[in-house]
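Let's take a walk through this fold. Have the sequence and the 3D view open while you read.

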Amino acid sequence: MTTNIDNLVVLFATTSGASGDLLGSDEKELIQLVWQVVDLANKKTGKLNEVFIRPKHLELTDECKEESGVAEETISSAEPLGNALNQFNQRLIAEVDGASLCLCTDGQLHIRQVIHPEASSKNIMLPECFYSFFDLRKEFKKNFPSSADLKDLDIQVMANYLNITTDSSADTSAALNVQSMASIVLALISEPVCYNFTHPERVNEKFETGTCSKMERVDDNTVIRARGLPWQSSDQDIARFFRGLNIAKGGAALCLNAQGRRNGEALVRFVNEEHRDLALQRHKHHMGNRYIEVYKATGEDFLKIAGGTSNEVAHFLSKENQIIVRMRGLPFTATAEDVLLFFSPACPVTGGKDGILFVKYPDGRPTGDAFVLFSCEEYAQNALKKHKEILGKRYIELFKSTAAEVQQVLNRYTSAPLIPIAPAPIIPVLPQPPFVPPPGVRDCVRLRGLPYIATIEDILEFLGEFTADIRPHGVHMVLNQQGRPSGDSFIQMKSAERAFMTAQKCHKKTMKDRYVEVFQCSAEEMNIVLMGGTLNRNGLSPPPCKLRRLSPPSYTFPPQTAVVPADATALYQPQVLLNPRPMQPTPAFYPASAQLFMNYTAYYPSPPGSPTSLNYFPSHTSAPTLGAQPGALVRMHGLAYNNGVKEILNIVQGYQSPPESMALVNSLCGQPSSSDALVTLPALLSAKQSLQDRGHMHLGGPFLDLQLL
């Protein structure tokens, strides 16, 4: 906005620490303000003014003493910052006598990095004149574009360029700088330059909340990550920490952890790169008693936290100048009327029911979270006093929230799976023909070591040019038994050659600061892992058989039926049908009617237990039994004293050994030996397989040694 200015107030600030380009970066306090008024209409300067300030910590660095020439005795008797600013404002108003004025400083640091941050930390209200100023370096560069780069400009360089001789009679370094700046201003407004100071820079008085769309473009050079925030911090607290720098509308986004709680980090978006660079200089400055770490971030990071697509959220947040309070731990049956009654009458909700936003899962189930709008700070503070009061039969947690947090919570729950933990088996699922290509074709790749927060989009971006070679619905995330990401995924490629190239080019590339291992594999190996098996350096292990401890011989089981229909056996490769006994089709953990919120077609979680319809033990006489088979004797050496038939059954489970075929070798005293047992397995192949799989293992305490007799 163009402004007609009568007087330019050349201002120079001195702190008790660093000076020059590092001014304000060490969080030191103000000790001196020096200024001089330049009458733009009459092209003349006023008298030189100076005021000293007493800091809370009266300690000057050696650099400060050398550069400024100010002694500790001088500032020890000075006024504190609040009184000094009042003196500055009163003397300035008296000198200009009602005419318009604007500050002018050497660069951005004096106003943005020193005066505003310190006044904010000390809860001092600054005069209106400190919210607009001219940067003399930028104004000089506009007139003389052929001069030095903006980052290399300083008072001395500008004075030399204009052939201005500095007056060395000044008492302090700050006074000398102010006189030189006033001379530069006079040279700019005089002939032949005749420059007009018309567009001052503005300092935002308060942070504006707002929403951000995921489709919006965010410049990577405008975003920082702040780490180490107090857990109760709000976006206004973050704006206060960065006071003096202009944050974009809705540009403060608090980060949440996997449990939906604040993790002490925030992403902040500034209006331009210059303000971002100034924010980086506040690395390890303090918010209360905690120091805050400040690092660079990207626009993508900011959009993942603050970006949204929900019209409901946009409508909820469209009411400006509202204070948001988050409710956590609501009963699932809570209604808007219950929330209004909870807060009334001391803190009425803005808009009644329209001021309440319940957070729900994609299927409409409530999460126990809600956001409430209040029209003023007083109502919000009264609402927060109800923290941990009872609603229904549950206590409610209340926190001051932000628009970005509303968007982030909605994004998190909207994209979450409907069933976070796999329930009991419900329906059998047979692998579909597209998942079983001809045997021996290694047209898949395995990604190992993924970040737990990695999504399908992250994997596609990681693969880059090879994304075009992925089969439709060919990305399969491997989840653990708790339904959480395991760090592995399998990708089906269009050919073995493309799978080989993908493994060669993408192996140990970085995804979110972690390197990811990429291996070529086959669909058979992929299916085994998705069904609960393991694939590691030692080879492929089938899915584990997690039987209940069924040892008494009185258990009966229904007759065994055909496990896989004859017409479906062609879908399985020999590696999938585990020996020595056939497996039933792997049970799926989701009802047929449930819609999975995952970007892949089939999902095979590890089953919690083996099917109970297989004849592991002899059935009742009324039920058909397994025929007699030639057996082999296995010796188990290293049993503990308290081991019995039940424990031995657990070792040889899956090889259909009847309890009566087991014998504990007794000692001379008639007590069980601590080392031996004999087991008859129904087939020599089963015995050899048992020795190969379980030759050395734990049972209770010691190692067991299995020997074929």
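What follows covers the sheet, the nonpolar cores, one glutamine and the cysteines.

A word on the source: this is a predicted model, where local features need pLDDT of at least 70, side-chain atom pairs count only at pLDDT 80 or more, and totals for chains, interfaces and linings use all residues. Residues are numbered from 1 along each chain as its sequence is written, and side-chain values use heavy atoms, with hydrogens and water left out.

Start with the sheet. Six strands form an open sheet with mixed pairing, in the order E3-E2-E1-E4-E5-E6. Strands here are DSSP runs (E, at least two residues), as are helices (H or I, at least four), numbered from the N terminus; two strands pair if DSSP finds at least two bridges between them. At the edges sit E3 (44-52) and E6 (201-202), each pairing on one side only. E2 (residues 30-39) runs antiparallel to E3, joined by seven bridges, and in E3 glutamate 50 is the bridge partner of valine 34.

Contact means heavy atoms within 4.5 Å; axes are lines fitted to C-alpha atoms, for helices over the stretch in contact, with angles from 0 to 180 degrees between N-to-C directions.

| Helix | Strands touched | Angle |
|---|---|---|
| H4 (residues 109-121) | E1, E2, E4, E5 and E6 | about 70 degrees with E1 |
| H5 (residues 136-143) | E4, E5 and E6 | about 50 degrees with E5 |

Now the inside. A nonpolar core is a set of buried Ala, Val, Leu, Ile, Met, Phe, Trp, Tyr and Cys residues joined through side-chain atoms within 4.5 Å. Buried means under 20% relative accessible area, exposed over 50%, and partly exposed in between (1.4 Å probe, protein chains only). The largest core has 48 residues, and those with the most contacts inside it are Leu11, Leu33, Phe130 and Phe242. Helix H3 (residues 81-96) gives the most to this core, six residues. A second, separate core of 29 residues includes Ala159 and Tyr195.

Have a look at glutamine 36 in strand E2. Is glutamine 36 buried or exposed? Glutamine 36 counts as buried because its relative accessible area is 8%. A polar atom of its side chain lies 2.8 Å from the backbone oxygen of glycine 46. The C-alpha atoms of glutamine 36 and valine 10 are 5.3 Å apart, though 26 residues separate them along the chain.

Last, the cysteines. Cysteine 255 is buried at 4% relative accessibility, and cysteine 506 is buried at 1%. A search of the whole structure finds zero disulfides (pairs of cysteine sulfur atoms within 2.5 Å).

How values were computed: A polar contact is a pair of N or O atoms within 3.5 Å; within protein, one must be able to donate a hydrogen and the other to accept it, and residues adjacent in sequence count only if both atoms are side-chain atoms.
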